[in-house]
Amino acid sequence: MSTYDPNVAPKVSNKPIIWSLFAAGGTVTALLTPVLVLLFALAVPLGILPAEMFSYARMESLLASPLIRLVVFGILFLSLWHTAHRMRITVHDFGLRSDGAAVFVFYGLAAIATIVLAVALI
Amino acid sequence: MSTKTSILPVVGSHHRTLEVEVLRYDPDKDDKPYYQTYQVPCEEEWVILDVINYIKDNLDRTLSYRWSCHMAVCGSCGMMVNGEPTLTCASFVRDMPAKIRVEPLENFPVARDLIVDMDSFVEKLSSVKPYIIAADERTVEDGTFTQLPAQLADYMSYTHCINCLLCYAACPQVNLNEGFVGPAALALAHRYNLDSRDKGRSVREDVVASNAGIWECSFVGACSEVCPKHVDPAAAIQQIKIAATGDYFINFLMPWKKSKNTDEASSGGGK
Ligand code: SF4
Ligand code: FES
């Protein structure tokens, strides 16, 4: 929490670093989640698309391409950091005023998950 | 022919008694605020401000509150009505239940009765330098600025703010952190940033893009919901976030660009 004080020269924040990931992640998930819901919650259960289209073997063969792996990594990476920052704000909005702890926990988890992702996909 | 005799409302004929609970506080006499209830005979065409004026004129001369224009222009009559930040000259009795509670605007210290102390807001407003900061000193010989209608349209909606402070009363972040620069001041900063005549964005960013500025906003959007002038401060703040993020990375990659810009413009006055 930071306070505007007319007697202290304010400083430009470094929030853009995390906010750019947050904004990009929000955009990506907002665009992709409806597609996933359409495919896996509607199209497949209703029999519009055959379930074999999304079989494990097919998905795995898709990931054989490094380009696709990079795209998947990008999507998951952005969604992760979006979630981490969203959780930090949510905790703040609920009135828990220990921003440092929230940063440590949520960004820490996102950082660990990023490393795991990178190792698994790249 | 229609059987209806008139489609016009019959002014002055819809009497209704409103029970009005008003927060009272006189710092010289009262230890703490209390509520006082008045029964007000109103007409359906009245606005809440008429009800309060009726109390002042006929029931209780000691009641203190601010108002001036009675037409949603001066911005001084903002109050909490049934817990909602409300411009009392622009909200009608006919939309209210039989009993209403009127309180001073939330998130500000109460000066007396329905009057809040808005000094902190005035300070925040001047901190964002809400005036045109031109790139070069302009002389009379240079003539006036020119601006296309499209350039005017870019910032027009953000000029409509009347400083009524409803957005500050509605904002949960102002409530959590009284140092947050807040919706109206940031929207006004955006209004000047968008103005084709203005080159002061990087100067304003010292405050606007600080942690107490746009980054304290978590895009709840309550400010835009209550704004009586449809200024949409929430949108303004998100747009500044995007611009400030771009500026941050540009300054990071090309530090020489920023320092040049700031030196020129910061000599242009302000506090
Ligand atoms: S932005 Fe809207 S709600 Fe806020 S002070 Fe201006 S007119 Fe009032
Ligand atoms: S009295 Fe001026 S805005 Fe309400």
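In chain B, strand E1 (residues 15–24) and strand E5 (residues 99–103) run parallel and are joined by four bridges, and among the residues of E1(B), Glu21(B) has Arg101(B) in E5(B) as its bridge partner. Strands here are DSSP runs of E with at least two residues, helices are runs of H or I with at least four, and both are numbered from the N terminus; two strands pair if DSSP finds at least two bridges between them. This is a predicted model, in which local features need pLDDT of at least 70, side-chain atom pairs count only at pLDDT 80 or more, and totals for chains, interfaces and linings use all residues. Residues are numbered from 1 along each chain as its sequence is written, chains are lettered from A and ligands numbered from 1 in the order in which they are written, and side-chain values use heavy atoms, with hydrogens and water left out.

E1(B) and E5(B) belong to an open, mixed sheet of five strands in the order E2-E1-E5-E3-E4, whose edges are strand E2 (34–43) and strand E4 (84–87), each pairing on one side only. Helix H1 (residues 48–59) of chain B lies across E1, E2, strand E3 (78–81) and E5 of that chain, at about 105° to E2(B); contact means heavy atoms within 4.5 Å, and angles run from 0 to 180 degrees between N-to-C directions of axes fitted to C-alpha atoms, for helices over the stretch in contact.

In chain A, helix H3 (residues 66–93) and helix H4 (residues 99–121) pack at about 170° with axes 9 Å apart, which means that H3(A) is roughly antiparallel to H4(A), a term for angles over 145 degrees.

Conventions:
Angles under 35 degrees count as roughly parallel, over 145 as roughly antiparallel, 65 to 115 as roughly perpendicular and the rest as oblique.
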